[in-house]
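Subject: Structure for you to look at

Hello,

Here is the structure I said I would pass on. Please open it and keep it beside you while you read the notes below.

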Amino acid sequence: MTNQLTFASSVADGIYCIDTGFGRENFDASYLIVSDTQAAFVDVGTNYSAPRLMKTLEELSLTPTQVNYVILTHVHLDHAGGAGEMMRLCPNAQLIVHPRGARHMIDPTALRAGAVGVYGEEAVEEEYGQLLPIDAKRVTEAGEGFEITLGQRQLICMDTPGHAKHHIAIWDPVSQGVFTGDTFGLSYREFDTDQGAFIMPTTTPIQFDPAALRESVERISALNPECIYPTHFSRVNDVPRLKDIFLKQLDQMVEMAVSFKDSSDRYVKIKSGLADIYEYHLKTNGCNISRKELEEFLAIDLDLNTQGIEVWLDKA
Ligand SMILES: [Zn+2]
């Protein structure tokens with residue numbers, strides 16, 4: 001059955017990674033967890049991802065009524081943009097979201113306006129469409145220690161700020177894995193080498209907080225997980241090694257950013273400083289990408305991460 005999935009692959013017993021199609025292939029994931037006759041999505045991509053999620057349910061012989069939960073790691077639109085649509089399509093689902101994110105799902109006006117402020121109406125419409133509001137009765141706030149029962153599985157939420165204040169991670173004791181959203185960074189499969197996966201922190205605007213991020217990553221690692229399931233993209237193992245790569249970069253990013261705090265041309269300098277850090281760690285990890293290829297492949301990340309660091313510098 002599992003080898004016939006069009007958009008998804010099995011990444012652990014009862015866990016599927018669905019490519020939402022947002023951005024490019026192998027960039028943005030929605031995870032589907034199945035236990036007994038019940039199912040839950042962790043992150044859902046955008047409105048335009050819904051057909052892929054529904055197709056995966058169908059291919060696994062599940063009906064939309066069997067979806068008990070739509071769990072959001074946080075309410076950034078590449079994770080939560082399609083939540084209203086998925087709640088409409090899955091009539092029995094309850095939305096699980098950080099207490100700070102709940103009101104933005106009940107009334108997504110401010111969330112969308114924020115995106116329009118950054119990207120413009122045309123781009124937001126093209127990438128995300130209109131966000132459907134979710135009935136408050138179907139929204140459950142999940143903070144530190146909140147437990148979700150899904151069939152035989154018990155999923156445990158952790159409050160993990162640092163990337164966003166409205167961020168949770170979800171610990172699955174059955175697979176010994178953690179759904180980390182964007183807290184534990186981005187791991188693009190294009191950077192895999194025989195040393196293993198690469199991972200990099202994401203500092204997208206506007207709530208990057210390096211001290212909180214370090215603590216969240218330390219707390220996730222302290223569970224000694226077998227693997228993590230970052231939204232970007234798919235399961236990765238060898239968490240202690242990834243934690244080490246992540247925290248080294250985080251420290252270097254902060255040091256570099258602070259050194260440019262008051263310089264003219266700050267954006268350009270920080271962006272180039274970030275590329276230096278990625279290049280160094282990618283090479284150390286055995287990846288032979290050229291600087292030009294790196295800057296092209298990570299163009300959006302370099303821009304957003306620079307913007308996020310600047311917001312943080314201006315607050316600090
Ligand atoms: Zn994301």
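In which sense do S11 and strand S12 (residues 227-230) pair, and over how many bridges? They pair in the parallel sense, over four bridges. In this pairing, Gly181 stands opposite Pro230 in S12.

Some ground rules first. The model is predicted, so local features need pLDDT of at least 70 and side-chain atom pairs count only at pLDDT 80 or more, while totals for chains, interfaces and linings use all residues. Residues are numbered from 1 along each chain as its sequence is written. Helices (H or I, at least four residues) and strands (E, at least two) are DSSP runs, numbered from the N terminus. Two strands pair if DSSP finds at least two bridges between them.

The strand S11

Strand S11 covers residues 177-181, and five of its five residues are buried, so it is largely enclosed by the rest of the structure. A residue is buried if 20 or more other C-beta atoms lie within 10 Å of its own, exposed if 12 or fewer, and partly exposed in between, with C-beta atoms placed from the backbone. In a regular strand, side chains alternate between the two faces of the sheet. In S11 both faces are covered: Gly177, Phe179 and Gly181 are buried on one side, Val178 and Thr180 on the other.

S11 also runs antiparallel to S10, with three bridges joining the two. Ile170 has Phe179 in S11 as its bridge partner. The hairpin of S10 and S11 has four residues between the strands, and Gln176 in the turn has a positive phi of about 55°. On from there, four bridges join S9 to strand S10 (residues 168-172), again antiparallel. Strand S9 (residues 153-159) is in turn joined to strand S8 (residues 147-150) by four bridges, and these two run antiparallel.

The open sheet

Seven strands form an open sheet with mixed pairing, in the order S1-S2-S3-S4-S5-S6-S7. Its edge strands, each pairing on one side only, are strand S1 (8-12) and strand S7 (139-141). Neighbouring strands of this sheet are turned by 25° against each other on average, direction ignored. Axes here are lines fitted to C-alpha atoms, for helices over the stretch in contact, and angles run from 0 to 180 degrees between N-to-C directions.

Helix H1 (residues 50-59) lies across S1, strand S2 (15-19), S3 and S4, and runs at about 145° to S2. Helix H4 (residues 99-106) packs on the sheet too, touching strand S6 (94-97) and S7. Two residues are in contact if their C-beta atoms, placed from the backbone, lie within 7 Å.

Ala8 lies in strand S1. It counts as buried because it has 22 C-beta neighbours inside 10 Å. Leaving out residues up to four places away in sequence, Ala8 touches Tyr16, Cys17, Ile18, Leu32 and Thr56.

A pair of helices

Helix H8 (residues 239-259) and helix H9 (residues 266-284) pack at an angle of about 155°, their axes 10 Å apart. H8 and H9 are therefore roughly antiparallel to each other; angles under 35 degrees count as roughly parallel, over 145 as roughly antiparallel, 65 to 115 as roughly perpendicular and the rest as oblique. Residues of H8 in the contact include Ile245 and Met253, and those of H9 include Leu274 and Ile277.

Regards
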